[in-house]
Amino acid sequence: MGVSVSVGPTSPDRLDKEPTSMVQGASNGSRLKYQSLGVLVLQTTSLVLTMRYSRTLKEDGPRYLASSAVVLSEVLKIFACTVLVLFENNFSFRSMNQLLKEEIVKKPVDTVKLAVPAGIYTLQNNLLYVALSNLDAATYQVTYQLKILTTALFSVSMLGKRLVLHQWLSLLLLMAGVALVQWPTDLEQKVLTPGSQFMGVTAVLIACLSSGFAGVYFEKILKETKQSVWVRNIQLGLFSFVFGLMGMMVYDGRSVVKSGMFQGYNTITWIVVILQAVGGLVVAMVIKHADNILKGFATSMSIILSTLISYFLLHDFNPTGVFFVGAMLVIAATFLYSYEVKAASSAIGV
């Protein structure tokens with residue numbers, strides 16, 4: 001009785017405030033989710049389409065060097081991560097310098113570990129340019145979803161992760177869908193030569209393999225340490241810059257000496273470089289507001305948008321019934337795998 005009397009006078013105010021705050025919180029959370037969905041779709045679709053357009057754009061001068069674009073994107077990524085670390089340290093240059101010295105210079109073993117994923121990411125980024133120079137954006141988008149398969153397999157073998165039955169079935173659906181998308185048709189031969197398609201598909205498959213291994217390896221390193229992800233990205237970017245620079249000089253050294261590193265650059269090229277550099281960081285910040293179902297929606301919408309724009313604007317893609325069946329299987333597999341991951345996570349209380 002005494003307890004109910006003491007709280008009685010204030011309970012009407014609480015009853016008024018609590019529903020309002022709950023509604024506002026739910027509204028803000030819903031708005032953040034939809035904003036995250038929009039950013040994910042925009043980033044994924046715009047990078048693929050602009051990269052494809054930049055590699056097929058016909059100009060009088062030489063085409064820009066993909067290797068130089070990879071190097072520049074790493075420079076921008078290091079700069080962006082440095083700004084974020086500075087922000088985390090309340091814009092104190094002294095604190096930031098001390099942190100970077102402690103984590104990069106005084107921990108050489110931990111730093112060198114990141115050379116492995118950095119080298120693989122550098123290879124992967126170069127392969128994506130090769131893929132989009134030889135494949136339309138729609139085919140690339142669908143085929144690149146095989147990274148779900150490679151990431152799952154490496155997670156099982158390296159992190160000891162367990163997949164449930166529905167996840168294994170989703171991986172089979174994924175492989176079937178990608179196989180159908182790559183099924184040769186008469187219409188396709190008018191746009192792509194067999195040689196260029198084979199080169200493009202090979203580049204995507206190697207990129208999927210490297211993406212799966214590097215992603216899981218990087219995740220393992222992040223789980224073993226408590227350092228900021230932005231500091232780790234700076235370490236990763238430094239190695240990637242060195243590897244990218246070496247690759248550029250080995251494969252395009254003569255062109256760089258003759259015409260310079262920025263040969264063939266235009267506005268579209270710079271947009272591609274910026275999207276590649278900042279895109280991954282934007283997704284990393286956005287992903288905490290987006291659950292697995294939302295990521296599935298983003299992937300599906302990106303595939304649909306890439307297909308429509310490739311057909312209506314870029315005119316480098318002829319859709320077929322087989323392609324659409326394959327694409328639908330890939331989209332269904334993405335949703336099925338993501339849903340089961342979320343259900344498993346909530347079951348074990350992670």
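## Overall make-up

Helices (H or I, at least four residues) and strands (E, at least two) are DSSP runs, numbered from the N terminus. By that count, the chain has 15 helices and zero strands. This is a predicted model, in which local features need pLDDT of at least 70 and side-chain atom pairs count only at pLDDT 80 or more, while totals for chains, interfaces and linings use all residues. Residues are numbered from 1 along each chain as its sequence is written, and side-chain values use heavy atoms, with hydrogens and water left out.

Of the 350 residues in the chain, 43% are buried. Here buried means under 20% relative accessible area, exposed means over 50%, and partly exposed falls in between (1.4 Å probe, protein chains only). A contact means heavy atoms within 4.5 Å. Among contacts between residues at least 6 apart in sequence, 86% join residues at least 24 apart.

## How confident is the model?

The score to look at is pLDDT, the predictor's confidence in each residue, from 0 to 100. The chain averages 82, and 81% of the residues score at least 70.

Two stretches deserve a careful eye. Over residues 1-8 pLDDT stays under 50, and the model has zero contacts beyond four places in sequence for them.

## The annotated transmembrane regions

An unreviewed UniProt entry lists "transmembrane region" for residues 65-87, 163-183, 195-218, 230-248, 268-287, 294-314 and 320-339. UniProt positions are given in the numbering used here, feature names are shortened, and annotations may be inferred rather than shown by experiment.

Two of these spans can be set beside the model. Residues 230-248 are 100% helix and 0% strand, with the end C-alpha atoms 26 Å apart. Residues 163-183 are 81% helix and 0% strand, and their end C-alpha atoms lie 29 Å apart.

## Two helix pairs

Two packed helices are described by the angle between their axes and the distance between the axes. Axes are lines fitted to C-alpha atoms, for helices over the stretch in contact, and angles run from 0 to 180 degrees between N-to-C directions. A crossing is left-handed if the near helix is turned anticlockwise from the far one by less than a right angle, and right-handed if clockwise. For sorting residues, Ala, Val, Leu, Ile, Met, Phe, Trp, Tyr, Cys and Pro count as nonpolar, Asp, Glu, Lys and Arg as charged, and the others, Gly among them, as polar.

Helix 3 and helix 4 (residues 93-105) pack at about 115°, with their axes 9 Å apart, and their crossing is right-handed. Thr82, Val85 and Leu86 in helix 3 meet Phe93, Met96 and Leu99 in helix 4. These residues divide into five nonpolar, one polar and no charged. Helix 8 (residues 147-159) and helix 9 (residues 165-181) pack at about 145°, with their axes 9 Å apart, in a left-handed crossing. Here Ile148, Leu149, Ala152 and Leu153 of helix 8 meet Trp168, Leu171, Leu174 and Met175 of helix 9. The residues of this contact are eight nonpolar, no polar and no charged.

## Some buried residues

Glu74 sits in helix 3 and counts as buried, at 2% relative accessibility. Leaving aside neighbours within four places in sequence, Glu74 is in contact with Asn125, Gly237, Ser240 and Phe241.

Gly244, in helix 12 (residues 229-259), is buried as well, with a relative accessible area of 4%. Not counting residues up to four places away in sequence, Gly244 touches Val71 and Thr122. The C-alpha atoms of Gly244 and Ala118 are 9.5 Å apart, although 126 residues separate the two along the chain. Ser300 lies in helix 14 (residues 292-314) and is buried, with a relative accessible area of 6%. With residues up to four places away again left out, Ser300 touches Ile331 and Phe335.

## Two loop residues with positive phi

Most residues other than glycine have a negative phi. Phe91, in the loop between helix 3 and helix 4, has a positive phi of about 60° and is exposed, with a relative accessible area of 53%. His315, in the loop between helix 14 and helix 15 (321-347), has a positive phi of about 55°. The relative accessible area of His315 is 62%, so this residue is exposed.
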